[in-house]
Amino acid sequence: MTRLPRWADLILTPLISLALAFAISAVVILAIGQDPWAALKTMVTGAVGSSYGWGYTLYYATNFIFTGLAVAVAAHAGLFNIGAEGQATLGGLGVALVCLALPWPHWALALPAAMLGGALFGAAWALIPAWLQAKRGSHVVITTIMFNFIAAALLNWVLVNVLRPPGSQDPATANFPAGTHLPTLSDMAGAIGVQWGKATPANVSFLIAIAACLLVWLLIWRTPLGYEIRAFGKSERAARYAGISPVRITVVAMLISGALAGLMAVNNVMGEAGRLVLNNVEGAGFIGIAVALMGRNHPLGIFLAALLFGFLYQGGAELALFSNIPRELITVIQALVILFTGALDNMVRMPLERLFGRRAG
Amino acid sequence: MTFLTRLAASAALLALSAGLAAADPALIYDLGGKFDKSFNEAAYAGAEKWKAETGGTYKELEMQSEAQREQALRRLAETGANPIVMTGFAFAEVLKKVAPDYPDTRFVIIDSAVEGANVQSNLFADEQGSYLAGVMAGMATKTKTVGFIGGMDVPLIRNFACGYVQGVKSVDPAIKVLQNMTGTTPAAWNDPVKGGELAKAQKAQGADVIYAAAGGTGIGVLQAAADEGILSIGVDSNQNHLHPGKVLTSAIKRVDTAVYDAFKAGTEVEVGKTNIWDVAHDGVGVAMDDNNKPLVSDEMAKAVEDARAKIASGELKVVNYNTGNACPVQ
């Protein structure tokens, strides 16, 4: 088997997969009697055609970067963390508790504290499945997915019975104090005199997400711990022989994974909603799996894949809100993208490899 | 010449369509979806009634995610829709933020109260309608056990349950009320299979009348009750026709009227006020029609009418769960 040149592996294959996914989506849209060209135009202009669209696309992308990184770190240790959804839910609780605990004077103080709260709660939620995996061999796939449901039930109970302001019908916390309001990207652009994306939810967390990408890259490829995680993920027996403790690596990798998922709450809970509502994660934990898969567990790939899914989310929302295409079709398009870029990857890769092999030979 | 006429014609057309668009009302459905046979669908029915009567057109949107609420409101306001009607208390916080930015647009929110010079709020006395349903359930039960199945465990649904229990106990304090919630995620609003299973479980514990306040999940409850040969009570919309002779009644909530009224008033819809839809204003009540006629005895009809009159006159107070975050009876 010839190896593909790196640029073809990282850029050409996903692009061809994407083109295939969109081609089949176009056929589906034609089949239900709509115009695929108009649909594509709505999606593109809605998601990236204006600073307004970008504001939403980047907001969604920020969520997906965090959950994608969370899944990727666990995947490097050979662990399939399906629990990013629940860990992000708990992270939201951590962020909310921090924001409500003190009358924060300024967001620059509140943000690090909230990040700590979100990361701690997310990590704690990952700790139990990690410990069960490491010590008892209970498979992390099963336990993390079950913990998603427990997290949903816990959040529901906490919001309805504990954190809800008396007399309020809405199962949500009170609004966070003004000192916790994160500057949006448009505020920041405004500060340097650029008019950009009014009233959109993208906020300073996007920069934190980029920093997290860098840190994860450093961790995985430039530190002894990252080396141990990768060695353990490639072959547990070899790692054990080299003196790497499986219990320690399993627990540490899951803690980092859970903390990254929990950090997402800084974006959606603190940055966007300004209070904790039910269902605030909205499936971003599961999208994270697709993002990590598509990004080949590499931070740069995850960043690009998160942007793509942010585009699909925002473009899909525009399509559902402002066209006659039923909202279920948006899910079909997103599913096709996941199917082609993830599961059917080899379908594109193998002919490409043959093509490049012939050229080389 | 031709170019000029075409230009003039298109300009006129543009002006005309802009004028039309500006007058169009808009309706936003909450996450449950438009066809939930219940809350959102009642809003849809009101809008369709207005459309059939006036021949007008309206814009409609279905929410897909929490972050979209603000997006949807702003986009609709910017396209010139007026008034903008939204269903569900979850819009309250967002509306507080958005409404002041569009002073010329009028907003109507259902199921919540939001202060604002350009906002009309609509609150429904859900506990009163549920109380009347409870009275009927209490009189219809032979096993002295009735059931309640809620959607998600949120205060709104606890209020339904609380009113229902108060009604049942007013007939006979010894009647047992079984209570179940379907789930803890929004999927609980649309899980008819689980609703059916809960109904069967309650029947196994002796319940012979089951009240479903669970959106789309209720369809499964009503179906299972009909299959098991026991009675059920529908919610929000009149659901008596779903299984004629098997649905005791429906605790209706005139969301359709609220939407219809708002659409009819159009850009002149009254703002800065809160409408209270209780039994006195026919905002809530129980559905009586040909489908449930054989099930409702004269005695039962009279008891309901008495309770209704007493609540309307203020002689009988049905406790609202949200005033004290607790229900006086279980």
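Two strands are taken as paired if DSSP finds at least two bridges between them. Helices (H or I, at least four residues) and strands (E, at least two) are DSSP runs, numbered from the N terminus. The views below show a predicted model, in which local features need pLDDT of at least 70 and side-chain atom pairs count only at pLDDT 80 or more, while totals for chains, interfaces and linings use all residues. Residues are numbered from 1 along each chain as its sequence is written, and chains are lettered from A and ligands numbered from 1 in the order in which they are written.

**View 1. The parallel sheet of chain B.** Six strands of chain B form an open sheet in the order β2-β1-β3-β4-β5-β11, with parallel pairing. Its edge strands, each pairing on one side only, are β2 (59-62) and β11 (273-277) of chain B. From one strand to the next the twist averages 15°; axes are lines fitted to C-alpha atoms, for helices over the stretch in contact, and angles run from 0 to 180 degrees between N-to-C directions. Strand β5 (residues 119-124) of chain B runs parallel to β11(B) and is joined to it by five bridges. B:F124 has B:W277 of β11(B) as its bridge partner.

**View 2. The mixed sheet of chain B.** A further open sheet of six strands in chain B has the order β7-β6-β8-β9-β10-β12, with mixed pairing. Strands of a sheet pair through backbone hydrogen bonds, either parallel or antiparallel. The edge strands here are β7 and β12 (284-286) of chain B, each of which pairs on one side only. The twist averages 15° from one strand to the next. Strand β10 (residues 247-253) of chain B pairs with β12(B) in the antiparallel sense over three bridges, and B:A251 stands opposite B:V286 in β12(B).

View 3. Residues are in contact if their C-beta atoms, placed from the backbone, lie within 7 Å.

**View 4. A β-α-β unit in chain B.** β6(B), helix α6 (residues 155-171) of chain B and β7(B) make a right-handed β-α-β unit. A crossover is right-handed if, with the strands pointing away from the viewer, the path from the first strand over the helix to the second runs clockwise. Strands β6 (residues 145-152) and β7 (residues 176-183) of chain B run parallel and are joined by seven bridges. The bridge partner of B:F148 is B:Q179 in β7(B).

**View 5. The two domains of chain B.** Chain B is divided into domain 1 (19-124 + 256-280) and domain 2 (129-253 + 292-322), with bounds from an automatic or database domain assignment. Their centres, taken over C-alpha atoms, are separated by 28 Å. Contacts link 12 residues of domain 1 of chain B with 16 residues of domain 2 of chain B. Helix α2 (residues 39-54) of chain B supplies three residues, the largest share of the domain 1 side.

**View 6. The interface between chains A and B.** In this view, 23 residues of chain A are in contact with 26 residues of chain B. On the chain A side, α3 (51-76), α6 (140-163) and α13 (299-322) of chain A each supply at least two residues. The largest share, four residues, comes from α6(A).

Technical notes:
Two residues are in contact if their C-beta atoms, placed from the backbone, lie within 7 Å.
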